[in-house]
Amino acid sequence: MKLSDFPLLADQNIHADVVSFLRGAGFDIIDVQQSGWSGEDDASILAHAVSHGRVIFTHDADFGMLAIQAGAPYIGIVHLRPGHIAPQATIDSVRQLLTLDAELIPPFILTVKRVGQSVTVRIRHAMPS
């Protein structure tokens with residue numbers, strides 16, 4: 001499956017412009033605030049994502065730690081690094097990610113790291129729980 005095949009749940013740290021860009025690119029994406037889950041802890045957000053069949057889209061490394069170290073179930077996590085940067089930089093990173101058109105097998109963690117103008121992508125496929 002491709003990333004565009006998965007419905008997404010944008011964490012509260014994902015800027016509204018990034019969510020709008022993804023919607024415009026044809027993604028099924030909701031954000032934590034519109035879903036009514038704003039203010040909930042990361043474990044609850046991850047559980048909501050799983051129960052609604054959504055991949056987490058976040059700047060927060062805690063979701064990966066929950067999945068790997070705590071063994072929390074997940075479908076997929078897209079971790080965008082660094083966080084708290086201008087939304088256009090995140091959109092540019094996402095554009096580069098989409099050009100890869102990588103094959104994804106759940107559960108997966110996809111890390112997108114931006115350093116200057118360079119973007120690297122790492123995909124980790126885990127054994128289904």
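The model is predicted, and the values below are computed from it. Its largest nonpolar core has 24 residues, and a second, separate core has 13 residues.

**Nonpolar cores**

- Within the largest nonpolar core of 24 residues, those with the most contacts are Leu8, Leu22, Phe57 and Val78.
- At least two residues of this core are supplied by each of strand 1 (8-10), helix 1 (16-24), strand 3 (55-58), strand 4 (76-81), helix 5 (87-100) and strand 5 (108-115), and the largest share, four residues, comes from helix 1.
- Once its neighbours within four places in sequence are left aside, Leu8 is in contact with Leu3, Leu22, Phe27, Asp28, Ile29, Ile30, Arg54, Val55 and Phe57.
- As general background, nonpolar side chains in soluble globular proteins tend to be buried together.

**Helix 1 and its cover**

- Val18, Val19, Phe21 and Leu22 are the buried residues of helix 1, and they lie on the same side of the helix because they cover an arc of only 160° around its axis.
- In general, an α-helix has 3.6 residues a turn, so residues three or four places apart point the same way.
- The cover over the buried residues of helix 1 includes strand 1, strand 2 (29-31), strand 3 and helix 5.
- Just after helix 1, the backbone at Gly26 takes a positive phi of about 95°.

**Backbone exceptions in the loops**

- Most residues other than glycine have a negative phi, and most peptide bonds are trans.
- The peptide bond from Arg81 to Pro82 is cis, with omega near -10°, and Pro82 is placed in the loop between strand 4 and helix 5.
- A cis peptide bond, with omega near -10°, also runs from Pro106 to Pro107, where Pro107 is found in the loop between helix 5 and strand 5.
- Asp101, placed in the loop between helix 5 and strand 5, has a phi near 50°, which is a positive value in a residue other than glycine.
- Asp101 counts as partly exposed because its relative accessibility is 44%, which falls between the cut-offs of 20% and 50%.

- Although Leu110 and Leu80 are 30 residues apart in sequence, their C-alpha atoms are 8.4 Å apart in space.
- Beyond its neighbours within four places in sequence, Leu110 is in contact with Ile77, Val78, His79, Leu97, Leu104, Val121, Arg122 and Ile123.
- Thr111, also placed in strand 5, is buried, with a relative accessible area of 8%.
- With its neighbours within four places in sequence set aside, the contacts of Thr111 are His79, Arg81, Thr120, Val121 and Arg122.

**A nonpolar patch on the surface**

- Leu100, Val121 and Ile123 form a nonpolar patch on the surface, and together they have about 220 Å² of accessible area.

Conventions: Residues numbered from 1 in each chain as written. Predicted model: local features only at pLDDT ≥ 70, side-chain atom pairs only at ≥ 80, totals over all residues. Heavy atoms only, no water. Core = buried A, V, L, I, M, F, W, Y, C linked by side-chain atoms within 4.5 Å. Buried < 20%, exposed > 50% of the residue type's maximum accessible area, 1.4 Å probe, protein only. Contact = heavy atoms within 4.5 Å. Arc of directions from axis to C-beta. Patch = residues over 30% accessible without salt bridge, like charges linked within 9 Å, V, L, I, M, F, W, Y side chains within 5 Å. Areas by Shrake-Rupley, 256 points an atom, 1.4 Å probe, with all protein chains shown as cover. Salt bridge = Lys/Arg side-chain N within 4 Å of Asp/Glu carboxyl O.
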